[in-house]
Amino acid sequence: MAGGGSAAGKGNAPSVRIVVAGDAKTGKSSLILTAATDSFPPNVPPVLPPTRLPDDIYPDKVPVTIIDTSSSPENRGKLVEELKRADAVVLTYACDKPATLDRLSTFWLPELRRLEVRVPVVVVGCMLDKRDEQYPVSLEQVMSPIMQQFREIETCIECSALRHIQIPEVFYYAQKAVLHPTAPLFDQEAQTLKPRCVRALKRIFILCDLDRDGALSDAELNDFQVKCFNAPLQPSEIVGVKRVVQEKLQEGVNEQGLTLTGFLFLHALFIEKGRLETTWTVLRKFGYNNEIRLSEDQLPPSIKRHPDQSVELTNDALDFLRRIFFTFDIDGDGALRSNELDDLFSTAPENPWSEAPYKDAAEKDALGGLSVDGFLSEWALMTLLDPIYSVENLIYIGYAGEPSSAIRVTRRRRLDRKKQQSDRNVYQCFVFGPKEAGKSAILNSFIGRPFPEEYQSTTADQYAVNVVDLGGAKKSLVLREIPEDGVKKLLSSKDALADCDIAIFVHDSSRETSWKRAADLLVDVASHGEATGYEVPCLIVAAKDDLEPYLTEIQDSTRVSQDLGIEAPIPISTKLGDFSNLFQRIVNAAEHPHLSIPETEAGRSRKQYHRLINRSLMFVSVGAAVAVVGLAAYRVYAARKNASS
């Protein structure tokens, strides 16, 4: 593999903005002017205006703008503003003034951290010509402790504007640090490729291994070289590349060609030799940005949809996921264990399900494995909550279709109600209820977790997702638990219920206070739906049916359900595993969104008022029509009379 040019830096940005900072009289302005004009300036203004370097000064031909700064207290605000806009920072010290070097570690570098300026830093010793020759100092010796402490330092260099020593190199290194940063690729301390870099290179290797034999043949290596660097490899160059790898790493090459181990070794070698542009060129040719994620142009455009529309995977994407599941189920036991799942996501930046809300959201077997249904359920949840992220991960694991073909936007819920039928395959159910009502127990039971003996309070929204079989038709159901304390905040948004297909209201049937609070929540949610136009079907769940109900629980809850025009409460006991087909009933209600919608007294009054207004308008229009007809008849009569006379 040979080196080559690359796309421009920060997310393919069109230019690089370098801010020069440091103590007063450390040579900042002289450094900039000499770089821009190729001559030492006899008179230098206190602070230069923004300076643009010639576009062709460096091989990448990316425009570079250099910003001079003042370190005086009165210009502090301007300095901070410029540092926060920087793509890279050049920090200067004077080679003949050791105190300015000390200030780097005591002030400037800590200040950049305090300001959260997270960009590459190039440390530059200016006025090299003024250093006392009797006291030679090794740059490596001086800078090594500082670079150990401040990993953001990309490189260190000494220069002299007066003698034209290493002036162009200063800004070349700064530009290169933006276009080809080390930090995302390489761990300087461990001297190894970083995990995300390894994962991206593994995906690229697999994409280039067209015959899937685990090695890049000479032809595949040549195709890779042409794609990335627009130039073929000569046979002697291919032999040379493989010889270099094999001498250092026996398993890097086999009879079929360059192995993944060898491919990764080569990139580590390039980086160690300072040829980061080679690895960055490869990554960018395959669509990666500086965070080593797929750039936006590799993903579907932002999805235009109404708040009450959701996003689901298409049949093409689901078929692909089923194939992937069985490909990575190495032991053929019908479940993906943690090691198999790690292998599946080894070409993604990380396992997307290792953190909330996806972690432990789907059903697992006794050994922690995901079944096909559990696997597809996790994808359904991720697509519902973050469709672009879902497509991104599909691409990482090998989905080769057009990215937009992996997802579809569902019909508006408002239209579903009119048609009295939903065509969705994934339904989201909001689970409301007071503390200790049994909400979490329902979520746990839904994904096969044992009934907890001790109560644990839920402080944030939690999700559980599984497949519900309705006589052969499989639907994915997402349960989202809303903590009691979070209901007020949720309902403060107009669109709060827009992504809710159905809501259930859980109460502890053995406690009257629990029922009263659940009933209040039900009225609050129903009222919000009526006021915003996002009415949702609602069910009441009487939990803890294994306990003795309070005296009038059944009567009270039945009366409220009748008053609101919804189904009678569903008695369940998670402890005994008796759910009265709760999950099937939830999906059934979601599939028929015109039913089970509660109607509050205020809502009924509002409807009656609108009916009266409409009826009055109808009478007015009928009266006007009669008057028009009468007037027309009179005109006909008058015309005839005039004609006869």
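**Figure 1. Buried residues of helix α16.** In α16, the residues Lys439, Ala441, Ile442, Leu443, Asn444 and Phe446 are buried, where buried means under 20% relative accessible area, exposed over 50% and partly exposed in between, with a 1.4 Å probe and protein chains only. Helices (H or I, at least four residues) and strands (E, at least two) are DSSP runs, numbered from the N terminus. The model is predicted: local features need pLDDT of at least 70, side-chain atom pairs count only at pLDDT 80 or more, and totals for chains, interfaces and linings use all residues. Residues are numbered from 1 along each chain as its sequence is written, and side-chain values use heavy atoms, with hydrogens and water left out. Helix α16 covers residues 439-446, and six of its eight residues are buried, so the helix is largely enclosed by the rest of the structure. Its buried residues pack against the strands β14 (426-432), β15 (462-470), β16 (473-481), β17 (502-508) and β18 (538-543), and against helix α20 (582-591); a contact means heavy atoms within 4.5 Å. After α16 comes Gly448, with a positive phi near 75°.

**Figure 2. The ring pair Phe224 and Phe263.** Rings of Phe, Tyr and Trp (its six-membered ring) pair if their centres lie within 6.5 Å; planes under 30 degrees apart count as stacked, over 60 as edge-to-face and the rest as tilted. By this rule the count comes to 17 aromatic pairs. In one of them, Phe224 and Phe263 are edge-to-face, 5.5 Å centre to centre with 75° between the planes. Phe224 belongs to helix α7 (residues 218-229) and Phe263 to helix α9 (residues 260-272), so the pair ties together parts 39 residues apart in sequence. Phe224 and Phe263 are both buried.

**Figure 3. The ring pair Phe325 and Phe375.** Phe325 and Phe375 form a tilted aromatic pair, with 5.6 Å centre to centre and 55° between the planes. This pair links distant parts of the chain, 50 residues apart: Phe325 is in helix α11 (residues 315-328) and Phe375 in helix α13 (residues 372-385). Phe325 and Phe375 are both buried. Ring pairs join Phe325, Phe326, Phe345, Trp353, Phe375 and Trp379 into a cluster.

Figure 4. Most residues other than glycine have a negative phi, and most peptide bonds are trans. The peptide bond from Ala356 to Pro357 is cis, with omega near 5°. Pro357 sits in the loop between α12 (338-344) and α13. Gln191, which is not a glycine, has a positive phi of about 55°. Gln191 is placed in the loop between β7 (186-187) and β8 (192-193) and counts as partly exposed at 41% relative accessibility. Lys544 also has a positive phi, near 60°. The loop between β18 and α19 (553-564) holds Lys544, which is partly exposed at 26% relative accessibility.

**Figure 5. Pro235 in helix α8.** Pro235 lies in helix α8 (residues 235-248). With a relative accessible area of 60%, Pro235 is exposed. The C-alpha atoms of Pro235 and Tyr93 are separated by 49 Å, and the two residues are 142 apart along the chain.
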